[in-house]
Amino acid sequence: MYSADLVRQWLGKGGAKMEKFTLADAANLYGIDSWGASYFQINDEGRLEVCPRKDQDLRIDLLKVVEELKKSRMQAPILLRFPQVLETQVNTLCNAFEKAREEFHYEQKYFPVFPIKVNQQSTVVQNLLKAGYKHNLGLEVGSKAELMGALAFDLPEEALTICNGFKDEAYFEMASLGAKMGKRIITVIEKPFELKQLVDLKEKGRDLPWVGFRVKLRAKGSGLWEKSGGSTSKFGLSTSQLLDGVETLRKNGMLDRLKMFHFHIGSQITEIRRMKEAIKEAARIYAKVRKLGIAVEFVNVGGGLGIDYDGSKTSSDASVNYTIQEYANDVVYNIADVCENEHVPEPKVVTESGRAMVAYHSALIVDVRGHIECTADRKPTFLENEPRVIEDLLYIHRNLTVKNYREYYHDAVEARDQLYSLFSLGMLDLEERAKGEWLYWEIAQKAVKYSKSAKFVADEFVDLEHRLFEKFICNFSVFQSIPDHWALDQLFPVVPIHRLEEKPNRRATLVDITCDSDGEMDKFVDLKDIKYALEVHDPKEGEPYYLAFLLIGAYQDTMGDLHNLFGGVNEAQVLGEEGGKFLIQDARKGETIRHALELFGFEAAKLVRNIETQVQGRISKGLLKDDQAAQIVEAYKEAFNSYPYLS
Ligand code: PLP
């Protein structure tokens with residue numbers, strides 16, 4: 001087993017090259033100690049382990065889990081969920097707030113709330129609620145459907161159910177139902193017109209939920225979701241709308257229902273400074289309203305607590321420049337400070353942290369199915385008298401040096417354009433085209449190699465190097481399993497789950513099996529920067545090679561789509577037990593081809609009938625025999641129940 005100390009020791013030697021590639025080198029190469037938050041380590045067999053309690057008591061060897069699942073015909077791609085990680089994260093967050101309350105002598109309670117939209121899988125929500133029961137963990141919803149799901153959970157008496165999102169009459173009716181059940185429901189007014197629905201609810205004599213106002217702060221978040229905050233954001237009440245809202249409640253005798261102020265300046269806030277500004281502004285609004293004699297009880301600071309996906313601990317989009325404890329301290333301290341300053345009672349504090357609770361809890365394991373190189377693998381034989389364009393490329397290839405690589409590479413680009421023009425005019429044959437292409441890629445490779453000797457590598461050679469990386473074909477869909485990488489370029493750590501004792505001797509980008517060129521990952525986490533290729537091992541004939549996409553527990557399950565009808569993947573929950581043992585629970589097969597087709601209106605029975613009609617037509621024309629036709633129909637029917645991914 002290697003330790004973080006070992007890595008540091010090694011780094012302390014100025015990264016001096018060690019002869020032998022060690023497990024510490026592997027951990028360092030993939031940055032496991034930087035972004036892993038102590039949930040991951042490499043064992044003595046060179047395999048990636050999950051430590052769901054961040055200690056050595058429970059260790060889950062991912063390769064062993066994959067092999068175990070394979071025995072029950074659960075193949076990759078497979079999503080593994082670790083409920084104990086959810087428990088650890090909930091406790092970490094709640095304990096951080098407890099510590100902050102103690103440190104700043106904050107009397108009022110803390111109420112964590114999990115926003116269901118971040119991961120709506122019922123097992124995930126159940127596991128979170130179980131772990132969070134002692135902390136009064138509640139739920140946040142953003143739609144009627146989510147509210148219906150949330151109402152069915154038996155929350156602790158004091159836990160909150162917070163209703164965000166645009167609301168219509170039916171949404172308010174559902175919230176009222178929850179209030180009637182004795183739940184602590186807070187409907188958050190996001191837009192002034194929603195107040196009318198609330199007044200209607202009262203006039204209809206329904207049980208009234210509590211009311212929250214979402215305020216539009218001037219403060220903005222930072223990072224990819226910055227647009228959610230600021231004065232032009234989609235949600236929230238401006239100052240005058242807030243005052244009008246208070247007036248409407250007063251006029252309708254409902255002011256006692258106003259219990260909470262809420263803000264949310266965006267997910268994955270990368271800079272703590274932005275959060276502090278927002279907290280101070282919101283606390284000030286709370287204080288001013290309290291001074292109007294309105295007994296608002298809660299200040300809800302929304303979500304935004306970020307995850308350090310690249311381990312750099314900076315304010316880059318894939319990171320955060322603060323810890324959970326620092327976040328909790330800043331929330332509590334700044335609210336307390338404003339309240340003291342304004343001489344108003346402290347509010348109860350609510351957070352809607354979603355990403356921080358669930359991001360670490362799942363990993364997608366994919367198998368590599370082949371690789372694509374842009375350079376041709378067969379060296380052609382060159383003849384005495386090749387066409388002029390090939391001769392030119394041959395000359396460049398032979399004479400390219402570290403001194404002339406830039407000029408000669410430009411000549412090669414020109415020659416390659418000429419090659420294609422001549423081929424289009426019918427003046428070159430396929431063999432000649434293949435020779436020209438082979439030469440071009442060889443020249444490009446040499447030029448990239450020589451470009452590295454320069455003090456500053458020109459952009460065109462950096463781009464060229466990226467184009468030269470080979471591509472590993474991975475059995476999964478980016479659109480289904482890591483949609484935020486496609487949509488927002490969000491980075492997720494990727495690590496081979498085995499062979500980590502071997503030095504990876506290749507660098508590759510990863511492509512999925514959809515027919516879409518966007519279905520690829522060509523940016524990878526790196527401590528100092530972004531890597532444009534991942535270090536991978538030589539695939540071995542007849543042996544699977546598995547990679548894990550990690551920290552994908554937040555938002556990815558929900559946002560994934562069925563591009564090319566690649567549906568939800570196989571999944572299982574894995575619980576660590578002492579002595580490196582584990583228990584697999586709730587193993588669920590992914591969506592079948594039937595399910596994926598039916599989601600888009602293709603009825604399996606109808607499709608089968610269409611196939612039968614077509615083969616009958618072929619039989620009547622004497623083009624198929626009865627037994628052949630039966631075979632076709634049978635094979636077609638059978639495939640409906642299979643997994644859409646490569647088997
Ligand atoms: N609350 C609201 C209103 C949100 O819109 C979101 C997501 O953007 C969250 C909470 C969860 O944010 P996060 O996952 O960053 O904690």
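Me: How many disulfides does this predicted model hold?
Reply: The structure holds zero disulfides. A disulfide would need a pair of cysteine sulfur atoms within 2.5 Å.

Me: Why is C51 called buried?
Reply: The relative accessible area of C51 is 2%. Buried means under 20%, so C51 with its 2% counts as buried.

Me: What makes C163 buried or exposed?
Reply: C163 has 0% relative accessibility. The cut-off for buried is under 20%, and therefore C163 is buried.

Me: Which residues touch the most other members of the largest nonpolar core?
Reply: They are L48, L80, F213, F263, I335, L510 and F549, in a core of 155 residues.

Me: What is L80 in contact with, leaving aside its neighbours within four places in sequence?
Reply: L80 is in contact with L62, V65, L69, H361, S362, A363, I365, A572 and V574. Contact here means heavy atoms within 4.5 Å.

Me: What distances are found for S267 and G354?
Reply: For S267, an N or O atom of the side chain is 2.5 Å from an oxygen atom of the ligand. For G354, a backbone N or O atom lies 2.8 Å from a ligand oxygen. The protein covers 92% of the 400 Å² of accessible area that the ligand has on its own.

Me: What pLDDT does the protein chain average?
Reply: The average is 93, and 95% of the residues score at least 70. Over residues 1-18 the pLDDT is below 50.

Notes. Residues numbered from 1 in each chain as written. Predicted model: local features only at pLDDT ≥ 70, side-chain atom pairs only at ≥ 80, totals over all residues. Heavy atoms only, no water. Core = buried A, V, L, I, M, F, W, Y, C linked by side-chain atoms within 4.5 Å. Buried < 20%, exposed > 50% of the residue type's maximum accessible area, 1.4 Å probe, protein only. pLDDT = per-residue confidence, 0-100. Polar contact = N/O pair within 3.5 Å; in protein donor to acceptor, adjacent residues only side chain to side chain. Areas by Shrake-Rupley, 256 points an atom, 1.4 Å probe, with all protein chains shown as cover.
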